[in-house]
Amino acid sequence: MTAVAHHTSTGLDNRKLAFWMFIGSECLLFGSLISTYLVYQGRSVVGPTPEEILDIPLTSISTFVLLMSSLAMVLALAAVTRGDRRWSRVWLLATAALGMTFLGFQAYEFTTFVHEGLTLKTNLFGSTFFVLTGTHGAHVAVGVLWLLTLFVRSLQGKLGPDKAINVEITGLYWHFVDVVWIVIFTVVYLLS
Amino acid sequence: MATSVMEHTPSAGLGARVWSWITTTDHKRIGVLYGVTAFAFFLIGGLEALLIRLQLSHSGNTVVSAQTYNELFTMHGTTMVFLAVMPLSAAFFNFVIPLQIGARDVAFPRLNAFSYWVFLLGGLFLNASFLVGAAPNAGWFGYANLTSSQYSPGHHIDFWVLGLQVLGIASIAAGINFIVTIVNMRAPGMRLMRMPVFTWMSLVTQFIIVTAFPVITVALVFLMFDRYFGTNFYQVAAGGDVLLWQHLFWLFGHPEVYILILPAMGIISDVIPTFSRKPLFGYAVVVYSGLLIAVLGWGVWAHHMFQVGLGPIAESVFAATTMMIAIPTGVKIFNWIATMWGGRIRFTTAMLFAVGFIAMFIIGGLSGVMHSSPPADLQQTDTYFVVAHFHYVLFGGAMMGIFAGIYYWWPKVTGRLLSEGIGKTHFWLTIIGSNLAFFPMHFIGLLGMPRRIYTYDAALGLDTLNLVSTVGAFVMGTGMLVFVFNVLWSRTRGQPAGNDPWGGATLEWSISSPPPAYNFSVIPEVRSRMPLWSENGMTPVPAVPPEPVHVPPGSFWPALAATGIIVAAVGAILKSLLVVLGGGAVLIVAIYAWALEPFEV
């Protein structure tokens with residue numbers, strides 16, 4: 001086949017450009033969710049309120065875990081790019097594990113809140129909090145699945161430096177989900 | 001490396017032909033699928049409109065019950081916006097954009113197929129609601145709290161909230177795909193400011209789609225959670241605010257208006273120069289006006305909400321932005337007229353529809369500017385005046401533009417021309433019928449008839465005007481039958497088109513009709529904004545490829561992934577977690593198979 005098929009007008013890889021567009025779209029999604037949370041802040045007619053129930057120290061730890069996962073992601077990409085199979089597996093698995101740890105914290109937090117009487121139905125805070133952080137959690141879960149898939153591909157020996165773009169795109173998504181969490185953590189936890 | 005192409009030759013068995021359509025990743029065939037499907041939905045939406053007009057043909061009529069009437073106007077609006085005009089535009093995006101920019105396909109052929117199948121199944125899902133007697137019934141903008149479980153028990157709203165979420169997936173996927181295609185897949189020398197205006201307006205539209213659809217998705221997710229899991233987003237008793245829905249809906253809803261109209265504006269920006277034999281007047285200004293409309297379109301949503309009482313400051317701001325958006329729109333209209341000025345105009349059917357667009361859109365635009373003034377809007381809102389306005393822009397504008405595009409590109413798609421004689425009959429029935437149907441609505445509205453009410457009292461004195469409107473609707477309906485006849489006629493009797501039946505200026509006219517699977521035997525180098533009108537405007541495209549061309553194979557996984565999504569939606573209607581999870585499992589399997597199958601673009 002001719003080389004023309006892979007030529008792009010901007011020089012950017014098609015998939016990478018597509019992912020940037022997807023991330024732009026996701027910004028509006030999370031933007032709408034976060035705006036709704038802010039609009040409804042303090043308007044619940046019954047408790048529990050955020051002040052009563054949010055555990056900032058605990059969530060700070062999980063936030064730190066998620067931040068570290070972004071570091072691991074960067075190292076994974078670097079390892080794949082230089083063709084270092086062992087360390088690409090280590091860092092891919094580490095990223096996924098840190099993501100799962102974050103999800104574990106979230107599962108613990110959600111369970112605790114339900115025990116303390118805050119569910120989706122309880123009040124506006126419950127509805128907006130669970131849907132916002134739940135949507136984010138779902139994004140993390142998709143990312144974890146994706147990372148584990150890459151890990152398996154690496155074990156199969158099918159994640160050489162020629163496939164670094166796949167890891168780079170996963171990284172784009174992962175860092176984006178991380179950045180969204182920073183915003184959510186600030187808006188929901190720190191500013192409450 | 002040569003890859004054999006599965007052609008739908010008559011010798012192939014029916015099963016093989018159906019399979020080749022299900023698995024196709026060719027943008028041209030997907031474009032045809034979009035066009036045929038969307039036109040079928042357009043006819044269904046048209047039938048709903050005729051039933052509505054029949055019911056309103058005289059006061060106190062009893063053709064349909066109040067409940068059925070609610071379903072008809074809801075589904076008419078939802079169908080025309082999401083299942084007819086948007087996907088008809090998508091048919092053009094698919095078929096025309098790669099040809100206009102000199103590409104062999106879109107950036108992601110399988111994602112393209114996925115968008116189509118999600119759209120088809122989502123549209124069938126929405127319409128299946130009729131079969132179980134639970135069609136959506138709260139208006140196309142589904143205001144809270146009409147849509148809450150308390151005020152709308154049963155499955156009517158469930159179909160709507162799930163169906164629109166599904167359709168949103170198709171739109172966003174296609175939006176991303178076409179942005180990448182246009183930005184990244186242009187032939188050498190096809191600089192941004194050399195792109196045909198249709199491609200330009202399509203690009204602008206895709207940016208609006210990928211930014212506006214997440215907003216309605218969030219609004220719909222809230223509604224779905226309220227209905228399924230008892231959340232409080234639109235529950236006033238819990239402190240929720242029904243205005244949240246209105247803001248989110250119209251934040252999407254007004255950009256959506258430009259999603260509907262900008263592609264049609266792009267179409268006529270290509271049609272008018274071709275049939276005036278003149279380059280588009282002020283190309284750059286038309287392009288920048290399109291961009292400006294997209295930007296301003298994000299700042300006008302609350303003019304749909306003046307009756308809420310947002311306060312004088314907010315209302316003044318939104319009135320001003322709304323008036324402002326008339327400026328780039330007006331600029332475009334003057335550019336089209338200036339293009340025709342002094343041109344050698346040929347009034348083909350495509351040109352007639354394009355000129356019809358301008359005339360009708362001016363009327364709809366003027367009544368739109370009237371609404372921008374809050375005091376005037378308060379008199380007009382929720383009356384037939386508004387119905388008149390948006391039918392002038394959406395039928396008179398968007399649909400007329402789409403018909404211009406159909407007559408213009410039909411020969412490129414099928415290799416045969418539509419009949420000009422039958423086409424002109426179609427045009428005159430359409431323009432006379434639509435003015436008969438929609439113009440009286442201005443008076444009906446100003447005289448006080450509200451929208452979305454299934455009947456009216458004889459004492460209002462509106463029987464005659466309503467009858468005229470109904471007659472007009474049936475004249476339009478006749479026009480559509482004439483068009484369908486034209487299509488059938490053209491299949492066997494249409495004149496062979498040749499490469500360039502109109503003397504067009506853009507790349508798609510440099511190749512055969514219908515184009516070969518690979519579009520361009522050699523990717524041309526473009527040296528002009530109007531390559532076919534300029535001396536040495538492009539490198540030649542030989543009729544036979546000098547070396548074998550790689551054509552991507554088909555794939556079944558996009559259709560399967562779409563099926564998984566729709567199974568999950570059906571599961572949500574059935575309130576069966578098992579079916580939802582089953583659909584999710586199918587989706588996941590299809591995504592992995594899709595990602596792992598060898599597929600060289």
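Modeller: In this predicted model, chain B is divided into domain 1, residues 27-552, and domain 2, residues 553-601. The centres of domain 1 and domain 2 of chain B, taken over C-alpha atoms, are separated by 29 Å.

Colleague: How many residues does the contact take from domain 1 of chain B and from domain 2 of chain B?

Modeller: Residues count as in contact when their C-beta atoms lie within 7 Å. Here the contact takes 17 residues from domain 1 of chain B and 17 residues from domain 2 of chain B. On the domain 1 side, helix H4 (109-131) and helix H5 (156-184) of chain B each supply at least two residues. H4(B) provides the largest share of that side, 9 residues. By class, the domain 1 side divides into 12 nonpolar, 3 polar and 2 charged residues.

Colleague: Why does the radius of gyration of chain B agree with that of a compact globule?

Modeller: The radius is compared with what the chain length would give. For 601 residues a compact globule would have a value near 25 Å, and chain B has 24 Å, so the two agree. Buried residues make up 55% of chain B, which has 16 helices and 0 strands.

Colleague: Which helix gives the most to the side of chain A that touches chain B?

Modeller: The contact takes 29 residues from chain A and 31 residues from chain B. On the chain A side, H1(A) gives the most, with 13 residues. That side has 16 nonpolar, 11 polar and 2 charged residues.

How values were computed: Residues are numbered from 1 along each chain as its sequence is written. Chains are lettered from A and ligands numbered from 1 in the order in which they are written. This is a predicted model: local features need pLDDT of at least 70, side-chain atom pairs count only at pLDDT 80 or more; totals for chains, interfaces and linings use all residues. Helices (H or I, at least four residues) and strands (E, at least two) are DSSP runs, numbered from the N terminus. The radius of gyration is taken over C-alpha atoms; the globule rule is 2.2 Å times the number of residues to the power 0.38. A residue is buried if 20 or more other C-beta atoms lie within 10 Å of its own, exposed if 12 or fewer, and partly exposed in between; C-beta atoms are placed from the backbone. Two residues are in contact if their C-beta atoms, placed from the backbone, lie within 7 Å. Ala, Val, Leu, Ile, Met, Phe, Trp, Tyr, Cys and Pro count as nonpolar, Asp, Glu, Lys and Arg as charged, and the others, Gly among them, as polar. Domain bounds come from an automatic or database domain assignment.
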